[in-house]
Amino acid sequence: MNHKNLTVCKANKVIEAGYKLSLNEQRVVLACIGQVDSTKKLLVTDEFELSAKDFAKLFSVSDENAYQALIDVTKSLFNRYVVLDNPYPDRPKVKRLEMRWISSIKHLPDDGKVILMFAQDIFPYLSELKNTFTKYKLEHIGKMTCIYAIRLYELLAQWQSVGKREVELDWLKKQFQLDESYDRMDNFKSRVLDPAVKDINDHSNFQVSWTQRKTGRRVTHLIFTFSEKQPAKAKNPDKEKMICGVAISEIKKYARIGESWEQAAMRIKAEKQRSGRPK
């Protein structure tokens, strides 16, 4: 598995769907989605392998913890589902679709790996994607530890070309499947929003900030502004430090006893201008 090249592609319907997965459940699902060729047809026979070794590399965890994570995830992931509103444009009477992520999980304990197959209903949202989809490098979320950070990152990546997204607070809570304990804004902010934004800023390729909009006295919308981080400029190890336009190595070679480096540099520079070489 080429870890650097794994790219997650999802139809925007799934990016905006309602579901809740644990951190490691998300990691397993995304690692398998990253192996799907989104331009081709997904088949019922297609299998996606994930080893503890690959899991450890992708998500920066120890090999021992990675294998245990795979075991724990396979106990629960089979029963997880995703909810789409108005899933079929050509079937308006279907208002809601509930579907599983995974149809089967094969366990290979001797090899420290699992093999997953996606549920057939989710095929159109992962394969043969043409227009309304979002893609990003798996490594951009690989070090995140907040489950809401990954979801929020995907919602922002969907609008990357704009660099700004406004979402209705109640809609966001619904899609994250948050219970009534998050109704208070301070609870939502401290338990979901702030940790998610911090995770994105610390570990992803995005730098994000947010503001809120009120309707009356109640916060009803969140406005996210974000941009892609600029890569740090690599230092040129071959570029030698200069003093007064003269390389330090040259000063060391031609400096006279009692001269400061600046005095030596100025003399060497003058001699080079007169005769072409220092003495």
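**Exercise 1. Charges over rings**

Task: In this predicted model, which ring lies under the charged end of K173, and which residue lies over the face of Y182?

Solution. Start with K173. Its charged end sits over the ring of F188, 5.4 Å from the ring's centre. Next, take Y182. R191 lies over its face, at 4.1 Å from the ring centre.

**Exercise 2. Aromatic pairs**

Task: How many aromatic pairs does the model hold, and which residues do ring pairs link into a cluster?

Solution. Count first. The total comes to 7 aromatic pairs. Then look for linked pairs. Y136, Y153, F206 and F226 are joined into a cluster by ring pairs.

**Exercise 3. The faces of strand 8**

Solution. Step one: read along residues 164–168, where the side chains alternate. R165 and V167 point to one face and are buried.

Step two: find the partner strand. Strand 10, residues 218–228, is joined to strand 8 by 5 bridges. The two run antiparallel. Within strand 10, L222 is the bridge partner of V167.

Step three: turn to I223, also in strand 10. Its relative accessible area is 16%, so I223 is buried. The cut-off for buried is under 20%. Setting aside residues up to four places away in sequence, I223 touches K164, R165 and E166, among other residues. Its contacts also include S209, W210, T211 and R213.

I223 and L70 are 153 residues apart along the chain, and their C-alpha atoms are separated by 36 Å.

**Exercise 4. Salt bridges**

Task: How many salt bridges does a search of the whole structure find? Where do R165 and E16 lie? Are R165 and E16 buried or partly exposed?

Solution. The search returns 16 salt bridges. Take R165 with E16: the closest N and O atoms of this salt bridge are 2.6 Å apart. The pair links distant parts of the chain, 149 residues apart. R165 is in strand 8; E16 is in the loop between helix 1 (12–15) and helix 2 (23–33). R165 has 5% relative accessibility, so it counts as buried. E16 has 28%, so it counts as partly exposed.

K198 and D202 form a salt bridge, with the closest N and O atoms 2.7 Å apart. Both lie in helix 7 (residues 185–203), 4 residues apart, about one turn of the helix. An α-helix has 3.6 residues a turn, so residues three or four places apart point the same way. K198 is exposed, at 52% relative accessible area. D202 is partly exposed, at 44%.

D186 counts as partly exposed at 39% relative accessibility. R184 is exposed, with 54% relative accessible area.

Finish with a network. Salt bridges link R256, R267 and E271.

**Exercise 5. Cysteines**

Task: How many disulfides does the structure hold, and how far from C9 is the nearest cysteine sulfur?

Solution. The structure holds 0 disulfides. For C9, the nearest cysteine sulfur is that of C32, 15 Å away. The cut-off for a disulfide is 2.5 Å between sulfur atoms, so C9 is in none. C9 is buried, at 10% relative accessible area. C146 is buried too, at 12%.

**Exercise 6. Helices 2 and 3**

Task: Which residues of helix 3 are buried, and what do they pack against? Which residues are in contact with Q26?

Solution. Helix 3 spans residues 52–59 and is mostly covered, with 6 of its 8 residues buried. These are A52, D54, F55, A56, L58 and F59. They pack against helix 2, strand 2 (48–51) and helix 4 (63–76). S60 follows helix 3 and has a positive phi, near 55 degrees.

Move on to helix 2, where Q26 lies. Q26 is buried, with 5% relative accessible area. Leaving out neighbours within four places in sequence, its contacts are L21, I147, I150 and R151.

Technical notes. Residues numbered from 1 in each chain as written. Predicted model: local features only at pLDDT ≥ 70, side-chain atom pairs only at ≥ 80, totals over all residues. Heavy atoms only, no water. Buried < 20%, exposed > 50% of the residue type's maximum accessible area, 1.4 Å probe, protein only. Pairing = 2+ DSSP bridges. Contact = heavy atoms within 4.5 Å. Salt bridge = Lys/Arg side-chain N within 4 Å of Asp/Glu carboxyl O. Phe/Tyr/Trp six-rings, centres within 6.5 Å; stacked < 30°, edge-to-face > 60°. Lys NZ or Arg CZ within 6 Å of the ring centre and 35° of its normal.
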